[in-house]
Amino acid sequence: SLMLHHNILEIESIIMVKLSSAAMTLLFAAPLSITAFVFSPKHTPSTSLASSTGNALDSILSVFDNKKSNNSNYQLAQSIMLSLINDEKCFSTTAGAQKFAESCAVDVVYEDCYEPQPIVGRSAVLDYLRAKILTRVGGSESSDKDAGFRVDKISDGSKACGFAWTWTSNNLEGLRGTTFVELNDSNQIQYVREIPEPLYKPGDLILDVLKTVTADATPKPPPEYTPRTPTKANEIAKYLFNDVQGSSPDEAMRFFSPDIIYRDFNYEEVLRGKAEVRKFIEDFSFPGITFATQRFDDGEKSTCFTWEVVLEGAPEGSAIKGISFYEVDESGLVTYVRDVPESGLKPPPLGKLGRQFRPAVGVFQPVSIGSRDAL
C-alpha cells in the first residue's frame, strides 16, 4: 500500500532516526566536539524588511524594560517568544509572521529541519512563515479556518530558549515538535532550529539498524570526568553530555527523578520512572556513535539544546540533527525530557503526506485536545 511504501522509505533512511539523548550520556564514544554551522543563503532580504529597525521587537522590549531592570535574571528570550507566539500569533497568522520577521536580525538563520535547506534573512523567513501559515488555513488570509499553535513547555532562558509545541485546530491537536531560539547582542532573533516529530516512529527497530551501521566501530575507553552536582537545568544538561557521557550509568541516573517522564519521538509511548529510563539507556550503549552538543540556552528550571549524532561507518555528511528539552524540579532532578530527531529525507514522506491530508493539524489522525497522556 502507499502507506506501507512510505513507512519503508523512512525505515530505510537511518538518518531519520537518532539515538536518544539519554542513551547518549552512557555511550562509549569519542570525546565530543562542537560542530560549526555553515549555511548558504537562499534568498536576499528585500530592502523594506532588511532595512527595518525591528519595530515589533522594539515594542515588545519596551514592555519588558522595567521588569528587566528590576531583575537581573529576567528571562528575556522566553518573554519575547511568548509575546510573539501568544500575543502576536506569529505562527498562526500572517500579521504575526510579519512581527516575527521584524524581531529577527538581518542575517537570521531559520533552520526548519523539515525543509531541505535553512532559511536565511528576514525577508526569506517572512516568506517561509507566511507560506506555512497560508497552507495550514487553506491558502487565503481571509480564511476562518482555525490553525492554532500551542506552547506546551518553554525554557526560562534569557539569551536563548526553547519550547515544545503542538499544532491545534478547533477541538483537535496534532503535530508536535520542539524549537530552539537564540538572540544576538541586540536582542534580535539570530538563530532558530525547529524539528517536528516524525510521523513514523520505528521504536526498537532502530536498535538493529544502528548496530548494523556501527558494527565495525572500535570500542573506546570511557572518558574521565570530575564529579559535580549542578542544580540549574542548563548546567545539568552540559554536565551530562559534555562531561559524563560515555562514562558512568550510575552518575547519569543520579540526576533523574523517580517520577521522570521521558518522551523520545523515535517511540510511540513515553518512558516513565528511572527503571524504564535506565534500561532504555543501557540498550543503546554500544560503540560507534558520537553525540555532539551544539547550542545551549541559559535556562535554570528548564533548558533546551541542539545536537548532532555522527554514526561511525555511515556516509560522510549524514550527521543527524536534533533538539532536546529538559525540565528539572527544585532539587535539581530531571522530571521531563523531550527528544526530537530530524528526518534524513526532507521533507519526510509521511510528514509531507500528513500536512497535505490534514493541513491544519499536520497528521493523519489528530486527537481531542488534552487527550494525550503526556506531551
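A nonpolar core is a set of buried Ala, Val, Leu, Ile, Met, Phe, Trp, Tyr and Cys residues joined through side-chain atoms within 4.5 Å, where buried means under 20% relative accessible area, exposed means over 50%, and partly exposed lies in between (1.4 Å probe, protein chains only). The structure is a predicted model, in which local features need pLDDT of at least 70 and side-chain atom pairs count only at pLDDT 80 or more, while totals for chains, interfaces and linings use all residues. Residues are numbered from 1 along each chain as its sequence is written, and side-chain values use heavy atoms, with hydrogens and water left out.

The protein contains twelve helices and 13 strands; helices (H or I, at least four residues) and strands (E, at least two) are DSSP runs, numbered from the N terminus. Of its 375 residues, 55% are buried. The accessible surface comes to about 16,000 Å², and carbon and sulfur atoms hold 51% of this area (Shrake-Rupley method, 1.4 Å probe; for residues, only the protein chains shown count as cover). Among contacts (heavy atoms within 4.5 Å) with a separation of 6 or more, 65% join residues 24 or more positions apart.

In soluble globular proteins, nonpolar side chains tend to be buried together. The largest nonpolar core here has 38 residues, and those with the most contacts inside it are M81, F91, F100, Y110, L129, F163 and I189. Elements that give two or more residues to this core include helix 5 (76–87), helix 7 (122–137), strand 3 (148–154) and strand 6 (189–196). Apart from this core lies another, of 37 residues, with L207, F241, I281 and F296 among them. Leaving aside residues up to four places away in sequence, F163 touches several residues, including M81, F91, F149, V181 and F325.

Six strands form an open sheet of mixed pairing, in the order 8-7-12-11-10-9; two strands pair if DSSP finds at least two bridges between them. Two antiparallel bridges pair strand 7 (residues 256–264) with strand 8, and R272 in strand 8 is the bridge partner of I261. Helix 11 (residues 273–283) lies across strand 7 and strand 8, at about 50° to strand 7. Helix 9 (residues 233–244) lies across strand 9, strand 10 (302–311), strand 11 (320–328) and strand 12 (334–341), and runs at about 155° to strand 9. For these angles, axes are lines fitted to C-alpha atoms, for helices over the stretch in contact, and angles run from 0 to 180 degrees between N-to-C directions.

The whole structure has 19 salt bridges, each being a side-chain nitrogen of Lys or Arg within 4 Å of a carboxyl oxygen of Asp or Glu. One of them joins E194 and K132 (2.8 Å, N to O). Because E194 lies in strand 6 and K132 in helix 7, this pair ties together parts that are 62 residues apart in sequence. Both E194 and K132 are buried. In another salt bridge, the closest N and O atoms of E327 and K153 are 2.9 Å apart. E327 belongs to strand 11 and K153 to strand 3, so the pair ties together parts that are 174 residues apart in sequence. E327 is partly exposed, with a relative accessible area of 22%, whereas K153 is buried at 18%.

The side chains of R278 and D250 also meet in a salt bridge (2.9 Å, N to O). This pair links helix 11, which holds R278, to helix 10 (residues 249–253), which holds D250, over 28 residues. R278 is partly exposed, with a relative accessible area of 27%, and D250 counts as exposed at 52%. Finally, a network of salt bridges links R150, D152, E173 and R372.
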